[in-house]
Each structure stands twice: as structure tokens, then as C-alpha cells.
Amino acid sequence: MASASASASATAASATEGPIIVWNEKQRRFETEDKEAYIEYVLVNDGKVMDILHTFVPRSKRGLSIASHLCVAAFDHAKSHSMSIIPTCSYVSDTFLPRNPSWNPLVSEELKSSM
């Protein structure tokens, strides 16, 4: 019985942590395991800058903070690879960054001077 209870606790914990996000390097995106929700990017400036172009979450999965989890995965990746970010995607620039100002230091310096 103890193992079933531990398993249920682990499932509950992973549910509160959010979806598993996978880096799909070939398609230049971060996506949920089912590939239904994703954030697309291109690398510019010899791979030193990640331009986040588009975030997509299907209607059936909206309201679950999936877009935010996708952004965190992309920003974590950029940070760990010493990249800056261009938030071309309106979700990233208008919603994610204002709600999560701790990520602002990763925004490309060229953009900061025009803000």
C-alpha cells in the first residue's frame, strides 16, 4: 500500500510542476511531450541570440500555464548557453516578460536601448 500512495504523491507533485518540455533542436522549438504546444525560435548573430518567434498552445490546453513553461524552458536554455533573447513573439514580450521580470537581463542589449 505504501508504494501506491508514494506513486500517487509523485504523480500529484509532477502535475503541479507543469508539463515536461522537450528541446527539439532539429525543428528549432521547445515543445510539450505530445508536441501539441510549442515555442519556435531562430538563432541569429552566429548562434549567440535566440529570436523567439511564436508560441502556440492549443485551445484545449489554454489556461494551464503551458506557454509560461515553454518560455521558461527557452529562457533556461538561452541562459545556460550564454545567449541573449529577442522576444519577437507577442506573448513573450507582452505577457511573459512583464509577469517574470527576473528574465529581463537575457533580453538582447540592442532591444533594451530602444525600450
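Before anything else, one definition: "buried" means under 20% relative accessible area, "exposed" means over 50%, and "partly exposed" is in between, with a 1.4 Å probe and protein chains only. By that rule Cys89 counts as buried, because its relative accessibility is 5%.

Now, what we're looking at. This is a predicted model, so local features need pLDDT of at least 70 and side-chain atom pairs count only at pLDDT 80 or more, while totals for chains, interfaces and linings use all residues. Residues are numbered from 1 along each chain as its sequence is written, and side-chain values use heavy atoms, with hydrogens and water left out.

Okay, the overall picture. The chain has four helices and five strands; helices are DSSP runs of H or I with at least four residues, strands are E runs with at least two, and both are numbered from the N terminus. Going along the sequence, the order is α-β-β-β-β-α-β-α-α. There are 115 residues in the chain, and 33% of them are buried. The accessible surface is about 7,200 Å², with 53% of that belonging to carbon and sulfur atoms. Those areas come from the Shrake-Rupley method with a 1.4 Å probe, and for residues only the protein chains shown count as cover. As for contacts, meaning heavy atoms within 4.5 Å: among those with a separation of 6 or more, 42% are between residues 24 or more positions apart.

Let's walk through the strands. Val22 sits in strand E1 and is partly exposed at 34% relative accessibility. Skipping its neighbours within four places in sequence, Val22 is in contact with Arg29, Phe30, Glu31 and Glu33. Its C-alpha is 9.6 Å from that of Asp34, 12 residues away in sequence.

Next comes Arg28, in the loop between strand E1 (21-24) and strand E2 (29-32). Arg28 is partly exposed, at 42% relative accessibility. What does Arg28 touch, not counting residues up to four places away in sequence? Ile39, Glu40, Tyr41 and Val42. For Tyr41, the C-alpha to C-alpha distance from Arg28 is 5.7 Å, and the two are 13 residues apart in sequence.

Two loop residues have a backbone angle I'd like to point out. Lys35 is not a glycine, yet has a positive phi of about 65°; you'll find Lys35 in the loop between E2 and strand E3 (38-44). Asp46 isn't a glycine either, and has a positive phi of about 55°. Asp46 is in the loop between E3 and E4, and at 75% relative accessibility this residue counts as exposed.

On to Leu53, in strand E4. Is Leu53 buried or partly exposed? Partly exposed, because its relative accessibility is 37%. Beyond its neighbours within four places in sequence, Leu53 is in contact with Glu40, Tyr41, Val42, Thr88 and Cys89. So that's our cysteine again, and Tyr41 again, too. Leu53 and Val92 are 39 residues apart along the chain, with 9.0 Å between their C-alpha atoms.

Then there's Ser84, in strand E5 (residues 84-86). Ser84 counts as buried, because its relative accessibility is 19%.

Last topic, the largest pocket, with a volume of about 210 Å³. Of its 15 lining residues, the closest to the centre are Val57, Ile66, Ala67, Ser68 and Tyr91. Which elements give two or more residues to the lining? Strand E4 (49-56), helix H2 (66-80) and helix H3 (90-99). On a 1 Å grid over the protein atoms alone, a pocket is an open set of points where a 1.4 Å probe fits, with protein on both sides within 12 Å along at least five of seven lines, and lining residues have an atom within 4 Å of a point. Grid points are joined across faces, edges and corners, and the volume is the space filled by probe spheres set on the points.
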